[in-house]
Amino acid sequence: MDAKQAKQALEKQESKAVQQATNFDKLKSLLSNEKVKQRFEEALGKTAGGFMQSIISVCSNNAYLRNADPNSIIASALVASSLNLPINPSLGFAYIIPYSNTAQFQIGAKGFIQLAIRSGYYKTISYTTVYEGDIKLHNKFTGEIEFDLENKDQSKVVGYLAYFKLVSGFEKFLYMDIKSMEAHAKRFSKTYNNSSSVWKSDFEAMAHKTVIKRLLSKFGILSIELQKAIETDQAEMKLSESGEIEANYIDNPNISDSLFEVEQ
């Protein structure tokens, strides 16, 4: 790299740093706005202050979020607050994800389970990684699965499974093998092939979230909270001039998610 290229690279880096600082300052300014504070207080009551501080913490620890549109970060956080889900990424309930200089709202597997439990319809709900030898029989037409509970071999992952049992007694499994999961990710996530994609950094977490979300959306009883969670998950969030939250589903919005399309 010659002197001219080095200077250009430094100027680009400095410009990016200035943009990040500007957006981060705007975010903090928005969070001090009384109308914004009121929106969070209406959803969370006395815990609103702590939640708003967590927004600052999450963004300060993520260079991409510091560079993201503050408006979309606030909108994503408002959705999380309306569902009463924490956005601390280490907890795994909900996330604010940077996406091409905007923020995308995502719910983790634990978030969907939390909302299902709150609904009062579910007696049991869980997810797991499936290893070679765990499943003795899988009837893809009825969804019935027979397990080998004595299998101890966990050397090869072959798929992912979600299960629920309602208080009424109805129960359902949803199983996706590795091939089906990869096909689903490639088809429904525009960022799947990007090195920064969550599918690349934590495939298992995304797979667990996928089987839980699909099981609930296909076969579960959906409370209003669960409906909202499914509708807003992985959407780019914006605040309109009137203060309404607008969700724009940016991950291949023209494709209809069909359980049987992906698994065939």
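**View 1. Strands β6 and β7 in the predicted model.** Strand β6 (residues 157-166) runs antiparallel to β7, and seven bridges join them. Within this pair, Lys 165 lies opposite Glu 171 of β7. Strands (E, at least two residues) and helices (H or I, at least four) are DSSP runs numbered from the N terminus; two strands count as paired if DSSP finds at least two bridges between them. This is a predicted model, in which local features need pLDDT of at least 70 and side-chain atom pairs pLDDT 80 or more, while totals for chains, interfaces and linings use all residues. Residues are numbered from 1 along each chain as its sequence is written, and side-chain values use heavy atoms, without hydrogens and water.

View 2. Three strands in the order β3-β6-β7 form an open sheet with antiparallel pairing. Its edge strands, β3 (122-131) and β7 (171-177), each pair on one side only. From one strand to the next, the twist averages 10°. Helix α7 (residues 178-188) packs on the sheet and touches β6 and β7, its direction making about 80° with that of β7. Helix α9 (residues 203-219) also packs on the sheet, touching β3, β6 and β7, at about 40° to the direction of β6. Contact means heavy atoms within 4.5 Å; angles run from 0 to 180 degrees between N-to-C directions of lines fitted to C-alpha atoms, for helices over the stretch in contact.

**View 3. Surroundings of helix α10.** In α10 (residues 224-232), Leu 226, Ala 229, Ile 230 and Thr 232 are buried, meaning under 20% relative accessible area (1.4 Å probe, protein chains only). The buried residues of α10 pack against α5 (70-82), β2 (102-107), α6 (109-119), β3, α9 and β8 (235-239).

Conventions. Buried means under 20% relative accessible area, exposed over 50%, partly exposed in between (1.4 Å probe, protein chains only).
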